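The questions below go through one structure step by step.

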Amino acid sequence: MIRFSNVSKHYPPNTCALEHVNLHIKPGEFVSIVGQSGSGKTTLAKLLFAEERATKGKIVVGDWDISSIHTSDIPVLRRQIGIVFQDFKLLSRKTVFENVSFALEVAGEERKRIRDIVPQVLKIVGLSDKHHRYPRQLSGGEQQRVSIARALVHRPKILVADEPTGNLDTIHAHEIIQLLKKINEYGTTVVLVTHDRDIVNALKKRVVTIADGRIVSDIERGKYLIS
Amino acid sequence: MSFLLSVARLGKFTFQNIFRNFWLSFITSTIFVLTLVTINAVLFMNVAAKAVLEAVEQKVEITFSFLPETSESIVTSAQGYLRGFSQVRDVQFIPSDEVLANFQDRHQADEVILSSLDELGENPFGHSLVVTTYSTEDFEFIREAMETPEFSQYIKEQDFTDYQLVIEKIKSLNTRTRYFGFGLAALFSLIAIMIIFNTIRVAIYVHRDEIAIMKLVGANDWFIRGPFVLEALLYSFLSTLVMVAIVFAVFGALQIQMTLFFGDAWQGTVDYFRDNAFIIFGLQFATLALLSLLTTAFAMRKYLKT
């Protein structure tokens, strides 16, 4: 599904964000990428959805080598990878329904299909009854659910969540993680980037630990190892 | 269907861009209109000046007054001689009686002149030839042609109405107006370029969140850039429409006064604009749109990294 082969990412003049990263994520896996701030975990996520380009090495998603992806192909890649951020990135002037349908609108989907899909994903994230509300009328956890719903509308095979619980309290964070697990159970590969020890330990899923741009451990049903 | 839907959505985002920054859009369009109106004012002055010049040139003539004792056959021979030149538009023979009648008409209020004529008891005027040419620049040639001994000995005087000075003044004024107008149009064009650049830059800034999300969810590049391109085109189109309305409104409002002042030249100028409206305004729209698109492309390249 996802394969990083000897991937490095350097920023001028001499910052090394990732160094010789080798990683293989199988279809349907739930993988937590953990590490301290500045360890390179977010850079790894950005490489996955082509927000950044690798300086060296090869990244393959499915059968697609995205290491040298053409700019015009990036939108195609991003429709296959759902992305969730810590700060939700919702449009404040649009309702929940409009925020989710926006992703389909800009991809040129027909109205009928939008009317079919959006209620389905809102049901998955538990916001069917709040589709007409604006982001400011929702709690942080609900806003993150909208963000997850938007990431799901293209029915991606991979969901990358970069610190999705970073702005949430413990209860809401737990709800979001449960939702991600549910999505994973439906067959979507989930890559969770986090530095939340409790969440990682509670998940009991594969944990890849990054420190100073290098993978220092990769354990099935692992735990948060960094002190 | 999908294509039409995408176009409709592009249109929706474009109108959102315009109305969310209404005053900026208004100022941009106003500067565009000012630029176009200035260009059209210069064009109008140019066409009107040409029409006035033509009208003046048609009225300009040289009158050769022959000595009273010159026979009609000599004068008609001179008439034929002059008609042989390609520069000559027409040569009119005025018999001495008519010359006298015209003179009396012109001076009917002047008792002294009329009584002097009575005292003479006979017609002091000879026959005349009134020569019109295609261009005032040919007058010198005609005067030299009539210096031939065959006719010069019979010519009492030649009356060259001094329209040349008027013509030169109109030409000079037109040239100066044109330079000033083009200078003004260039200045407005420069301002228009800077304004559209800033408008697109601000639009990109205002929509930065939407753009970021569009990129995040896999919007095509043309879907992100399209609204800004359409916005620039729409400003050009609306400004051209407003300008056309202004131009014809001005024509309508000034019809009576300008016809009195310019005569047929005014109507000729209005007709020129009306007959060539599609080309004149179409070209102006195309130029403005091209200018806007280039500026927008530059602004997007600088501020919109997709």
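Q: Which residues does B:Asn40 touch, not counting residues up to four places away in sequence?
A: This is a predicted model, and in it B:Asn40 belongs to helix 2 (residues 22-59) of chain B. Leaving out residues up to four places away in sequence, its contacts are B:Met243, B:Val247, B:Phe273, B:Ile280, B:Phe281 and B:Gln284.

Q: Is B:Asn40 buried or exposed?
A: A residue counts as buried when its relative accessible area is under 20%. The relative accessible area of B:Asn40 is 3%, so B:Asn40 is buried.

Q: How many Å separate the centres of domain 1 of chain B and domain 2 of chain B?
A: The domain assignment of chain B gives domain 1 as 2-56 + 166-303 and domain 2 as 61-160. Taken over C-alpha atoms, the centres of domain 1 of chain B and domain 2 of chain B are separated by 55 Å.

Q: Which residues are in contact with A:Ile148, leaving aside its neighbours within four places in sequence?
A: A:Ile148 is one of the residues with the most contacts inside the largest nonpolar core. Leaving aside neighbours within four places in sequence, A:Ile148 is in contact with A:Val84, A:Val125, A:Ile176, A:Leu179, A:Leu180 and A:Ile183.

Q: How many residues does the second, separate core have?
A: Among the members of this second core are A:Ile25, A:Ile59, A:Ile81 and A:Val193. The second core is separate and has 32 residues.

Q: What area do chain B and chain A bury between them?
A: The contact involves 20 residues of chain B and 23 residues of chain A. Carbon and sulfur atoms account for 61% of the buried area, which is about 1,900 Å².

Q: Which residue of chain A forms a salt bridge with B:Lys12?
A: Between chain B and chain A the count is 1 salt bridge, along with 7 residue pairs in polar contact. In the salt bridge of B:Lys12, the closest N and O atoms are 3.5 Å apart, and the partner is A:Glu105.

Q: Which helix gives the most to the side of chain B that touches chain A?
A: Helix 1 (2-20) and helix 9 (208-216) of chain B each supply at least two residues of that side. The one that gives the most, with 7 residues, is helix 1 of chain B.

Q: How far apart are the closest N and O atoms of A:Lys130 and A:Glu142?
A: Over all chains, the structure holds 14 salt bridges, and A:Lys130 forms one with A:Glu142. At 17% relative accessibility A:Lys130 counts as buried, and A:Glu142 also counts as buried, at 15%. The closest N and O atoms of A:Lys130 and A:Glu142 are apart by 2.2 Å.

Q: Which residues are joined into one network by salt bridges that share partners?
A: A:Arg206 forms a salt bridge with A:Asp218, the closest N and O atoms being 2.7 Å apart. A:Arg206 lies in strand 9 (residues 206-211) of chain A and A:Asp218 in strand 10 (residues 214-219) of chain A, so the pair ties together parts 12 residues apart in sequence. A:Arg206 is buried at 6%, whereas A:Asp218 is partly exposed at 37%. The network joins A:Glu29, A:Arg206 and A:Asp218.

Q: What distance separates the C-alpha atoms of A:Arg133 and A:Val60?
A: A:Arg133 is found in the loop between helix 4 and helix 5 of chain A and counts as partly exposed, at 31% relative accessibility. Not counting residues up to four places away in sequence, A:Arg133 touches A:Thr95, A:Val96 and A:Leu138. A:Val60 is 73 residues from A:Arg133 along the chain, and the distance between their C-alpha atoms is 39 Å.

Terms used: Residues are numbered from 1 along each chain as its sequence is written. Chains are lettered from A and ligands numbered from 1 in the order in which they are written. This is a predicted model: local features need pLDDT of at least 70, side-chain atom pairs count only at pLDDT 80 or more; totals for chains, interfaces and linings use all residues. Side-chain values use heavy atoms; hydrogens and water are left out. Domain bounds come from an automatic or database domain assignment. Helices (H or I, at least four residues) and strands (E, at least two) are DSSP runs, numbered from the N terminus. Buried means under 20% relative accessible area, exposed over 50%, partly exposed in between (1.4 Å probe, protein chains only). Contact means heavy atoms within 4.5 Å. A nonpolar core is a set of buried Ala, Val, Leu, Ile, Met, Phe, Trp, Tyr and Cys residues joined through side-chain atoms within 4.5 Å. Buried area is the accessible area (1.4 Å probe) that two parts lose on being put together, summed over both. A salt bridge is a side-chain nitrogen of Lys or Arg within 4 Å of a carboxyl oxygen of Asp or Glu. A polar contact is a pair of N or O atoms within 3.5 Å; within protein, one must be able to donate a hydrogen and the other to accept it, and residues adjacent in sequence count only if both atoms are side-chain atoms.
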